[in-house]
Amino acid sequence: MRPVLVGENNPYGPDEEFALWPAPVGCAGWRLCHEIFGMDADAYCETFQRVNLLYAARWSAPAARASAAALRERFPANNLVLLGARVQAAFGYPGREPFSLEVEGRGARRVFFVPHPSGRNRIWDDPASIQKARALLPAILGVP
């Protein structure tokens, strides 16, 4: 099962093909693919399933929580990579330490907490953050 990257919102439309898409240059999906994980676009798209909690003009915490519950059911055993504080809160994990993980249930699923890949998120200005994200990749991918 491919790990699932969970983003916040795509106000441009509900087509999951474009959720966290690795283009255009500088968008959140591009930054996550190229700058943070250090992957090429083909490998990134083949490796991860990509979804957003919302496809709406504005963020709604209640709608995000409902979407998070539906995604848990849709992906019952996939590793989840929750991108950003709002996504983490929607899944019931507010305030988690960046680059950490939580094991749900009897270890059937691991949930990873990665800061939002937006260019406005200053945590990515620290090169150590990139190293921490890349160090998580084997665990996210289920590689021992």
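This is a guided tour of one predicted protein chain, from the whole fold to single residues.

The model is predicted, so local features need pLDDT of at least 70 and side-chain atom pairs count only at pLDDT 80 or more, while totals for chains, interfaces and linings use all residues. Residues are numbered from 1 along each chain as its sequence is written, and side-chain values use heavy atoms, with hydrogens and water left out.

**Whole chain**

Start with the protein chain in cartoon view. It has five helices and five strands; helices (H or I, at least four residues) and strands (E, at least two) are DSSP runs, numbered from the N terminus. From the N terminus, the order of elements is β-α-α-β-α-β-α-β-β-α. The radius of gyration is 14 Å, close to the 15 Å that the globule rule gives for 144 residues, so the chain is as compact as a globular protein of that length. That radius is taken over C-alpha atoms, and the globule rule is 2.2 Å times the number of residues to the power 0.38. The C-alpha trace spans about 35 × 35 × 30 Å along its principal axes. Of the 144 residues, 44% are buried (under 20% relative accessible area, where exposed is over 50% and partly exposed is in between; 1.4 Å probe, protein chains only).

**The loop between strand 1 and helix 1**

Select Pro-24, in the loop between strand 1 (4–9) and helix 1 (28–36). The peptide bond from Ala-23 to Pro-24 is cis, with omega near 0°. Next select Leu-20, also placed in the loop between strand 1 and helix 1. Leu-20 is not a glycine, yet has a positive phi of about 50°; its relative accessible area is 9%, so it is buried. Most residues other than glycine have a negative phi, and most peptide bonds are trans.

**Phe-99**

Move to the loop between helix 4 (85–90) and strand 4 (100–104), where Phe-99 lies. Phe-99 has a positive phi of about 65° although it is not a glycine. Its relative accessibility is 12%, so Phe-99 counts as buried.

**Arg-109**

Finally, select Arg-109 in strand 5 (residues 109–114). Is Arg-109 buried or exposed? It is buried, with a relative accessible area of 7%. Its side chain makes a polar contact with the side chain of Glu-104 at 2.8 Å. A polar contact is a pair of N or O atoms within 3.5 Å; within protein, one must be able to donate a hydrogen and the other to accept it, and residues adjacent in sequence count only if both atoms are side-chain atoms. A polar atom of the Arg-109 side chain also lies 2.4 Å from the backbone oxygen of Phe-75.
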